[in-house]
Amino acid sequence: MSTPTRVYLARLAGVAVFDPNGDQVGRVRDAVARLRAGQRPPEVVGLVAEIPMRRRIFLSINRIISIDADAVVLGSGTLNLRRFEKRPNELLVLQELLDRRVQLDPENRAATVVDVAMECSRAGDWSLARVAAREQAGRLARRGNLQQVEWEKVRGLSGLAEPGGTANLLAVLEDMRPADLANALQDLPDARRNEVAAALDDTRLADVLSELPERDQVEILTALGRERAADVLEEMDPDDAADLLGELPPPEQDVLLDLMEPDEADPVRQLLKYTPGTAGSVMTSEPVILPPDATVAEALARIREPQLSPAVAAQVFVSRTPMATPTGRYLGMVHFQRLLREPPADLLGGVVVNDIDPLRPTTPLPEITRRMATYDLVAMPVIDRNNRLVGAVTVDDVLDHLLPPDWRDRDAVPSTPPEAANGAESADVSTERVDD
């Protein structure tokens, strides 16, 4: 291999994986080590890479020709696309060892694992050779010393881990998109998953929960405790919060809604009243709404706000005051492309489009899909019988409800076709993992 003889694995997380042609096929998410008898350090047999469709596959260490801080390069374009499954005598280095509490010989100093290095022998075999661990600080010390210790001089690396911190694992995961982080959480044991989820701040956890299967959402929310769960629900979009609360028994729904701030709980309560499979049940109650006397410049500034999703920011809905849903009389909408073509000082009332009939809260999902496809829209307004805007159905909400209920569950994702591995020459779809 054209690569350093020592590689710290936490620094490798997220690094791009390329095939021999220079096409990216995925990103490194972990390393797989095989346990060996006696005091011998575990042998590194491969890496876990995440490829499109959030599928994690195994890359044999023998198929890798180069490893550095910027890229992992494969010696072959052939990939085994079977989803990675850990074998009984293996461990996932980052998932299982980061933040583990250990003792450093010979003084039995208590420490926490920060990183693990693999080293290559003259024969070309890789093994876990060194551990970077931070000693537990005393009362007067702000931070313990960081030590690099040989694997054999660290006790507590095998067996069940005691409940510990999550700082180092979170550092590895922090740059992931919410959907990718949700996928990574599904790979963790339940206790560790709940521990990591609880360590996320409320906003980050709200985004991640929205990307998880309902079963995992409920389990994490329950593990948080009611006060923290209510705080996280407040950070979620009302439609996502309503979907999650809809998985809970009505008494538990009421408790959590009562713990939420009234202005955050009210739109969620309203969404819970709508019949499943209708526009009311899938809409967001917080689209971008402006009055007709607002300018194009004001509208463009509003949709630039970073917290808005692309689907919500794609158009501005125009109505009479009040602006909070249910609004005053609905007047129409303006797509962001139209805003880009109009003079900044022009008023929205002069460029509004109102020749497409809005949805009603009772409009069924198949009808919503047909109408959005017919008019090439990414969102449609929903109005009540008094012509007041009560929300908007966005294309991401429609897709979420059209896909199978378990589509977010990584174990339910269908087999990835060979062409999904970008640039891969061919794909090995055998049912057995090849370690070479």
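This is a predicted model: local features need pLDDT of at least 70, side-chain atom pairs count only at pLDDT 80 or more; totals for chains, interfaces and linings use all residues.
Some ground rules: residues are numbered from 1 along each chain as its sequence is written. Local features need a pLDDT of at least 70 and side-chain atom pairs 80 or more, totals for chains, interfaces and linings use all residues, and side-chain values rest on heavy atoms, with hydrogens and water left out.

Let's start with pLDDT, the predictor's confidence in each residue, from 0 to 100. The protein chain averages 87, and 90% of the residues score at least 70. Over residues 413-424 the pLDDT is below 50.

Now for the rings. Searching the whole structure turns up one aromatic pair (Phe, Tyr or Trp rings, the six-membered one for Trp, with centres within 6.5 Å). Phe58 and Phe84 sit 6.3 Å centre to centre with 15° between the planes, which counts as stacked (under 30 degrees; over 60 is edge-to-face, the rest tilted). Phe58 lies in strand 5 and Phe84 in the loop between strand 8 and strand 9, so the pair ties together parts 26 residues apart in sequence. Both Phe58 and Phe84 are buried, meaning under 20% relative accessible area with a 1.4 Å probe, protein chains only.

Last stop: the second largest pocket, lined by 25 residues. Glu214, Asp243, Glu247, Ser281 and His401 lie nearest its centre. Helix 8 gives the largest share of that lining, four residues.

Technical notes
Helices (H or I, at least four residues) and strands (E, at least two) are DSSP runs, numbered from the N terminus. Buried means under 20% relative accessible area, exposed over 50%, partly exposed in between (1.4 Å probe, protein chains only). Contact means heavy atoms within 4.5 Å. On a 1 Å grid over the protein atoms alone, a cavity is a set of points where a 1.4 Å probe fits but cannot get out, and a pocket is an open set with protein on both sides within 12 Å along at least five of seven lines; lining residues have an atom within 4 Å of a point.
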